[in-house]
Amino acid sequence: MPAATPKLAIACTSDATHPSVELITVNIPFQGEKLDKGRRNWLEWKAEMYSAMSLTGLYSYVNGTANKHIPNPETEPVAYANWTQNDRRACAYIFGAISDGERRAVIPVRHDARAYWLALEARHWKNGTPADQVLLLHEALTFQPTQYASSEDTMNGLDKMFTTIDHAFAMGDITPDMFKAAMSLHFFQGSDPMQDTIRNRIVLSAMAQWSVTARSLRQTIEEGLHLAGLVNLTSHHTEQHDLSSPPSPATPSSARSSTSMSSGGQSSSSRRRHQSCANCGRRGHPARYCVEPNGGMAGCTLEDSKAARQLEKSVKAQQAQQLQQLQLFQQQKAICYRYNNNLQ
């Protein structure tokens with residue numbers, strides 16, 4: 001029996017004059033704000049791109065619809081050439097709508113608009129740590145109607161607050177502990193040293209899986225209050241609500257002694273060496289840096305725990321320096337207050 005002769009594809013007669021895929025011409029480039037991870041504008045950019053590319057007819061090349069109807073290059077060579085060119089133009093349109101930083105972060109794709117879109121989506125959508133989500137929630141809480149001069153500005157601020165919250169939830173689920181951390185930052189609004197203490201604890205958690213619980217956060221705040229001696233908490237309210245009385249000066253030496261020595265003259269570093277972990281029972285580290293199961297850094301290495309402790313030590317040293325500067329400022333302010341009263 002003779003071998004079957006392969007069938008030759010017959011070109012569609014209407015392909016030359018009426019191809020199934022028309023060539024799309026785009027005369028106006030993207031006019032909106034370019035995509036940039038630093039601006040966290042993925043959701044806004046995506047909405048503007050949907051509008052712009054839908055009007056040109058290129059959006060089907062990024063959402064995958066056009067990929068389901070690719071013409072046969074043998075039977076519809078003109079339509080296939082048009083489809084390929086449209087896909088390249090969609091890639092070029094995306095390239096023109098992103099910032100230079102995005103172009104460096106994501107390798108430009110020249111012949112697969114869908115893959116280009118998915119690469120950008122993977123970089124921006126649900127891409128962030130719980131610490132990022134907490135800081136976004138706190139940022140949303142800082143929007144206040146009193147900071148806007150007109151009703152139009154107020155509504156724009158409200159929209160920005162809503163968008164910031166959307167970004168936080170877009171990164172993943174938000175747990176009660178994460179919300180408590182954001183509210184703790186808001187609770188100490190006006191006290192920069194305490195906010196720095198909480199923020200540093202949140203950032204430290206990014207070194208491992210989310211390890212900030214209400215219990216560990218409360219312990220961090222208690223340590224921060226002990227370090228500051230409540231001076232940095234009361235100074236802000238004194239300046240705003242008790243201008244009739246001079247601020248009481250504090251001596252930097254007392255702050256240093258309170259952080260370096262405890263009752264009985266034992267240094268804090270000595271206490272840390274002899275304290276037992278509430279999680280594993282071993283000495284030398286608190287539970288929040290324990291790498292054993294149920295510890296604050298469970299699953300991490302001892303090197304990670306040591307690095308986190310060194311970072312916290314550095315942060316506390318910086319906070320002590322800031323506190324000393326604040327106390328010196330208060331002393332100078334008290335002197336100026338007495339001097340002004342003497343002039344009167």
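**Entry 1: a serine in a loop**

Leaving aside its neighbours within four places in sequence, which residues is Ser276 in contact with? I looked, and Ser276 is in contact with Gly281, Arg282, Arg283 and His285; contact here means heavy atoms within 4.5 Å.

A note to myself before going on: this is a predicted model, where local features need pLDDT of at least 70 and side-chain atom pairs count only at pLDDT 80 or more, while totals for chains, interfaces and linings use all residues. Residues are numbered from 1 along each chain as its sequence is written, and side-chain values use heavy atoms, with hydrogens and water left out.

I found Ser276 in the loop between α12 (268-274) and α13 (302-343). Helices (H or I, at least four residues) and strands (E, at least two) are DSSP runs, numbered from the N terminus. Ser276 is partly exposed, with a relative accessible area of 46%; buried means under 20%, exposed over 50%, and partly exposed in between, with a 1.4 Å probe and protein chains only. I also checked Ala287: Ser276 and Ala287 are eleven residues apart in sequence, and their C-alpha atoms are 8.6 Å apart in space.

**Entry 2: a glutamate in that loop**

I next looked up Glu292, which is also found in the loop between α12 and α13. Glu292 counts as partly exposed at 32% relative accessibility. Not counting residues up to four places away in sequence, Glu292 touches Asn279, Cys280, Arg282 and Ala298. From Glu292 to Leu302 I count ten residues in sequence and 9.8 Å in space, C-alpha to C-alpha.

**Entry 3: the whole chain**

How many helices and strands are there in the chain? I find 13 helices and zero strands. Of the 344 residues, 32% count as buried. Among the contacts with a separation of 6 or more, 62% are between residues 24 or more positions apart. The accessible surface comes to about 20900 Å², and 55% of that belongs to carbon and sulfur atoms; such areas come from the Shrake-Rupley method with a 1.4 Å probe, and for residues only the protein chains shown count as cover.

**Entry 4: helix α1**

I checked the length of α1 (42-56). Its 15 residues should span 21 Å at 1.5 Å a residue, and its end C-alpha atoms are 21 Å apart, which agrees; the expected span is 1.5 Å times one less than the number of residues. The buried residues of α1 are Trp42, Trp45, Met49, Ala52 and Met53. Seen down the axis, these buried residues fall within an arc of 100 degrees, so they line one face of the helix; the arc is that of the directions from the helix axis to the C-beta atoms. They pack against α2, α4 and α6 (151-170). After α1 comes Gly57, whose phi is positive, near 95 degrees.

For α4, the twelve residues should span 16 Å at 1.5 Å a residue, and the end C-alpha atoms are 17 Å apart, which agrees. I found Ala113, Tyr116, Trp117, Leu120 and His124 buried in α4. Looking down its axis, I see the buried residues fall within an arc of 95 degrees, so they line one face of the helix. Their packing partners are α1, α2 and α3 (100-105).

In α6 there are 20 residues, reaching 28 Å from first C-alpha to last, close to the 28 Å expected at 1.5 Å a residue. Its buried residues are Gly157, Met161, Thr164, His167, Ala168 and Ala170, and they pack against α1 and α5 (130-141). Gly172 follows α6, and its phi is positive, near 150 degrees.

**Entry 5: aromatic rings**

I then turned to the rings, and the structure holds eight aromatic pairs. Rings of Phe, Tyr and Trp (its six-membered ring) pair if their centres lie within 6.5 Å; planes under 30 degrees apart count as stacked, over 60 as edge-to-face and the rest as tilted.

Why is the pair of Tyr59 and Trp117 edge-to-face? The ring centres of Tyr59 and Trp117 are 6.3 Å apart and the planes stand at 85 degrees, so the pair is edge-to-face. Tyr59 lies in the loop between α1 and α2 (77-96) and Trp117 in helix α4 (residues 113-124), so the pair ties together parts that are 58 residues apart in sequence. Both Tyr59 and Trp117 are buried. They belong to one aromatic cluster formed by Trp42, Trp45, Tyr50, Tyr59 and Trp117.

The rings of Phe187 and Phe188 have centres 5.1 Å apart and planes at 85 degrees, so this pair is edge-to-face. Phe187 is exposed, with a relative accessible area of 66%, whereas Phe188 counts as buried at 10%.
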